[in-house]
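Q: Could you take me through how to read the strands, cores and surface of a model?

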Amino acid sequence: MSTTKKLTLPLMGCGTWAWGNRLLWGYDESMDNQLQEVFNLCVNRGVTLFDTGDSYGTGKFNGQSEKLLGKFAQEYTGLNKNDICLATKLAAYPWRLTRGSMVAAGKASIQRMGRVDLAQMHWSTANYFPWQEWQLLDGLADLYEQGLIKGVGLSNYGTKRLKKVAEKFSSRNIPIATLQVQYSLLSTYPVTELDIKTTCDELGIKLIAYSPLCLGILTGKYTDPSTYPQGLRGLLFKRLVPEAKSLLDCMSAIALSRDKTMSQVAINWCIAKGAIPIPGAKNIKQAQENIAAKDWKLDAGEIAELDRAAARIDKPMVQNVFQTR
């Protein structure tokens, strides 16, 4: 039995990278109330898509990001409650080899979250184990046909691979609701090189932009090397921030003229491009800033100026290793 209720997808959503990563590197339970406040504010202001993944959280906190999101949704009682869309990404772990293992993964996420509205394939294995991918996609489709989820989505798929999967799902009369890609002013590759937005429009798929602030670089707060993160991310910042200077200057000028923040310019640009950005938010201030990005519009001249600045960057953000063509 398939589910026919249509997914409600707003202009922008909220990603749980912040929650997920915090769980990976030392979860602090004292944050629960703060994150509930962030969730409540987002829903109240019309941001109702929340994205997480079953791989967010390790050890004793395995699946904790999903558990928190489910808890927040169940406890929320305000405006737009019926529009909340809980999305999770099911990982293509090496030990998930059969369609049954994908169904089991989906059921486990449903148990942790209370429900799953949108289940997504976290990444494609086409580049290294295509046989596994088709099994897992069949399992994802089974979850939909059994009425356990309202929609299916993909993540890190390019145009060629997306068309093949869409053809496979079409044979079972299962629509692909969404596609997530790493998309921002510092990561335009999926759209400018792979033309993924055109394909999504042709197939009736909503494009979701993860990491729309490019690890925080597009917020403009990392101007001093002493503020860069540690480790591998810090090395990436040492290359990217100087490379992005002209783009950041352009964003800063637009933000100043509009009395907005650079984060809001970056998020609004994604919306203008027809994508649903899912920035993370760890506190009320960040959530308020992100949400306000949907309440105004960049004009055509500003968008073109940003596009030109982005196109001049020789070495933009590295692509996800699992991104297919």
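**Strand pairing and burial**

A: C14 stands opposite F50 in strand 2; strands are DSSP runs (E, at least two residues) and helices are DSSP runs (H or I, at least four), numbered from the N terminus. This is a predicted model, where local features need pLDDT of at least 70, side-chain atom pairs count only at pLDDT 80 or more, and totals for chains, interfaces and linings use all residues. Residues are numbered from 1 along each chain as its sequence is written, and side-chain values use heavy atoms, without hydrogens and water.

Q: Which strands are joined to strand 2 by bridges?

A: Two strands pair if DSSP finds at least two bridges between them. Strand 1 (residues 14–15) runs parallel to strand 2, with 2 bridges. Strand 3 (residues 85–90) is also parallel to strand 2, through 5 bridges, and its K89 stands opposite G53.

Q: Why is strand 2 described as largely enclosed?

A: Buried means under 20% relative accessible area, exposed over 50%, and partly exposed in between (1.4 Å probe, protein chains only). Strand 2 (residues 49–53) is largely enclosed by the rest of the structure because 5 of its 5 residues are buried. L49, D51 and G53 point one way, F50 and T52 the other.

Q: Which residues touch the most other members of the largest nonpolar core?

A: A nonpolar core is a set of buried Ala, Val, Leu, Ile, Met, Phe, Trp, Tyr and Cys residues joined through side-chain atoms within 4.5 Å. Here the largest has 95 residues, and L179, M251 and L306 touch the most other members. Helix 11 (residues 262–272) gives the most to this core, with 7 residues. A second, separate core of 10 residues includes L49 and C85.
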